[in-house]
Amino acid sequence: MKGPATDEGGAPLRVLHVAAEWFPAVKTGGLADVVAALPGAQRAAGLDARLLLPALPALRAALGGAVEVARVGAAFGAARVALLRGTLAGSDVPAYLIDAPWLYDRGGNPYLDPDGHEWRDNPRRFALLGWIAAQLAEGALDPGWAPRIVHAHDWHAALAPAYLAAHGTARTPLARARSVLTVHNLAFQGRFSIDRFAELDLPAWMAGPAGVEFHGDMRFLKGGLMFADRITTVSPTYAREILTPEGGHELDDVLRHRADRVVGIVNGIDDAVWNPATDAAIAERYDAKRLDGKAACKRALQAELGLAPRADAPLLAVVSRLSPQKGLDLLLSALPQWLGAGGQVALLGSGEPALEHAWQAAAHAAPDAVGVRLGYDESLAHRIVAGADLIAVPSRFEPCGLTQLYGLRYGTLPLVHRTGGLADTVVDADESALREDRATGFAFTGAHADALAQAMRHALDGWRHPGAWKRVMRRAMAQDTSWRAPAARYAALYRDALGLG
Ligand code: ADP
Ligand code: GLC
């Protein structure tokens, strides 16, 4: 039967997600969460969604029931490349892993060597990812399966559309595949010297401005933007921002040329992983009808972080990478005022040493009001989101942002800069929103410490009115932050790209 999840023949629409991260095995940011949750939501909606990932050690270790579907031989500097298929632990989504030990069998960060520099051979490592995606779409690798939609995520997979375009219409199954490129963060572009172009095995003309070249370098993401049939990003506001010089990270001109192909679709969150009613990581489970559990989570968090055990102190959380993007320097500037008004802060993060030190110093100066944990800790992230009253996301730019969505789900009111996905997912508790029971948090305009401080004063006012605060909590918790609606939007986009709209 034909429907929104099927191709023209009524078969489940075959979609290949191509990415370098997958939660929980390999994660440097929200990309991993999206790649882990969206294909499952699509399968639940009737699509035949699968994954293609490099066989990084943690992914190889997570792959169960592996069979070798193709032996590619030597490619991209690797003597031995093979394609495995299986399922990743905890998931029922079929996953293809590119087994190329020379390129992928190394520990640590997927992009950086132990000294924090890009791996020297990153052009080849991620070219292979895009190339295999195109080979699969051509029906050259798995005799039993070829995608109609190649859905590439971020610069890591962005050459997949270029390889599809390079191979042209010569092969029939390929002529029927369409590509979608999702930009999770335009700041990361996969930028390399153009001298490395020969390593990519793309036609010579793609070394020019109509291909991957940009201002004398090559940028994988730019190549993807040139050739993808559809370009998406992770919120409608960010989709507009990237078309402007302020938000375009130099690629706004390229994007404007393709503006009719650019769409914003807000992310969901995995509602099995992030659900206060079932969360095994938190002190007590709760939901909108039984909020007592949340008070217990706050007490437990205060005890864990050594904060004063005060129910009346508003506790503001941060769970974040510590990079300039995230605006946590602004929060440091506004901190004295917050603490002066009796507020507390719980921060979990890692990243730039200067920011780590500054936050550590803030915790030393006021240990009973500021709790800081440096590092990456999935379970503590849950306890912080559940135990806090507010979650701050003062990012300078934010394509979507996931932690404010966790906040909504957990009744932990987001306090956000009105940018990108933050602007699309949080309704500021101004008078009219409060009157109409639409408010879900606090938002400020302009990435300045003063604007943030003002929003914090607004939040403090709100905190002094517990009845109104609870109403906002309930409204926040009633938001649909699941993947259901976004999954349906992607399905409609795929059908449109295939001319089935
Ligand atoms: P970005 O991808 O730009 O970092 P997102 O908000 O989309 O931002 O996603 C960040 C993800 O990483 C969230 O799942 C968040 O909980 C998680 N995260 C960030 N820092 C930490 C940390 N120090 N410990 C645990 N989880 C973290
Ligand atoms: C990127 C963005 C973030 C987004 C995530 C998942 O890392 O910085 O805003 O939520 O990707 O799409």
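Which residue stands opposite Ile231 in β11? In this predicted model, Leu181 takes that position. Local features were taken at pLDDT of at least 70 and side-chain atom pairs at pLDDT 80 or more, while totals for chains, interfaces and linings use all residues. Residues are numbered from 1 along each chain as its sequence is written, chains are lettered from A and ligands numbered from 1 in the order in which they are written, and side-chain values use heavy atoms, with hydrogens and water left out.

Helices (H or I, at least four residues) and strands (E, at least two) are DSSP runs numbered from the N terminus. Two strands are taken as paired if DSSP finds at least two bridges between them. Strand β11 spans residues 230–233. Its pairing with strand β7 (residues 178–183) is parallel and runs over four bridges. Strand β12 (residues 262–264) also pairs with β11 in the parallel sense, over three bridges. In that pairing, Val262 of β12 stands opposite Ile231. In a regular strand the side chains alternate between the two faces of the sheet. Both faces of β11 are covered, with Arg230 and Thr232 buried on one side and Ile231 and Thr233 buried on the other. Buried here means under 20% relative accessible area, exposed over 50%, and partly exposed in between (1.4 Å probe, protein chains only).

Helix α6 (residues 159–167) is mostly covered, as seven of its nine residues are buried. These are Leu159, Ala160, Pro161, Ala162, Tyr163, Leu164 and His167. Helix α14 covers residues 378–387 and contains Leu380. Leu380 counts as buried because its relative accessibility is 4%. With residues up to four places away in sequence not counted, Leu380 touches Glu304, Leu348 and Arg373 (contact means heavy atoms within 4.5 Å). The C-alpha atom of Leu380 is separated by 9.3 Å from that of Val319, 61 residues apart along the chain.

Around ligand 1 there are 19 residues, of which Gly30, Arg321, Lys326, Gly375 and Tyr406 come nearest. A residue is near a molecule or strand if one of its heavy atoms lies within 4 Å of it. A polar contact is a pair of N or O atoms within 3.5 Å; within protein, one must be able to donate a hydrogen and the other to accept it, and residues adjacent in sequence count only if both atoms are side-chain atoms. A side-chain N or O atom of Lys27 is 2.9 Å from an oxygen atom of ligand 1. Backbone atoms also take part: an N or O atom of Gly30 lies 2.6 Å from an oxygen atom of the ligand, and a polar atom of Leu402 is 2.9 Å from an oxygen atom. Ligand 1 taken alone exposes 560 Å², and the protein buries 92% of that (Shrake-Rupley method, 1.4 Å probe; for residues, only the protein chains shown count as cover). Elements giving two or more residues to this shell are α1 (30–44), β13 (315–322), β14 (344–351) and α15 (403–409). Strand β13 gives the most, with three residues.

Ligand 2 has 13 residues around it, and His184, Asn267, Glu398, Cys400 and Gly401 come nearest. A polar backbone atom of Gly401 is 2.8 Å from an oxygen atom of ligand 2. Of the 310 Å² of accessible area that ligand 2 has on its own, the protein covers 93%.
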